[in-house]
Amino acid sequence: MVDGETLERVYQERLEERIIAYLAQVKDWSLEQAMDTYYHSRLADKIHEGKNGIQYLDYKVLVQILLDMEKVELLT
């Protein structure tokens, strides 16, 4: 049987995959560049901490939050 902690971890991993893929898509970045941006962001920290249920927002909304928080410039 799977416990709640395991389910939460799997959910978070999948969420991060969606965030990274969508960030790469909207910014026309490589997956590596999107991954680096995400994992070095304040948003990633908030998601890992589970602050205020932020991890339950839609991944597209989270990407917009990331871009707003980090003021990421288009690097092309």
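**Reading the labels on helices and salt bridges**

Student: Why is Glu13 called partly exposed?
Tutor: Glu13 has a relative accessible area of 39%. Buried means under 20%, exposed over 50%, and partly exposed in between (1.4 Å probe, protein chains only), so Glu13 is partly exposed. A friendly reminder: this is a predicted model, where local features need pLDDT of at least 70 and side-chain atom pairs pLDDT 80 or more, while totals for chains, interfaces and linings use all residues. Residues are numbered from 1 along each chain, and side-chain values use heavy atoms, without hydrogens and water.

Student: How do you know that Glu13 forms a salt bridge with Arg9?
Tutor: Their closest N and O atoms are 3.6 Å apart. A salt bridge needs a side-chain nitrogen of Lys or Arg within 4 Å of a carboxyl oxygen of Asp or Glu, so the pair qualifies. Arg9, at 46%, is partly exposed.

Student: What makes Glu70 and Arg42 a salt bridge?
Tutor: Here the closest N and O atoms are 3.4 Å apart, so the pair also meets the cut-off. Glu70 lies in helix H4 and Arg42 in helix H3, so the pair ties together parts 28 residues apart in sequence. Helices are DSSP runs (H or I) of at least four residues, numbered from the N terminus.

Student: Why is H1 called oblique to H2?
Tutor: Their axes, lines fitted to C-alpha atoms over the stretch in contact (heavy atoms within 4.5 Å), cross at roughly 120 degrees. On a scale from 0 to 180 degrees, under 35 is roughly parallel, over 145 roughly antiparallel, 65 to 115 roughly perpendicular and the rest oblique. H1 is therefore oblique to H2.

Conventions
Helix = DSSP H or I, 4+ residues; strand = E, 2+ residues; numbered from the N terminus.
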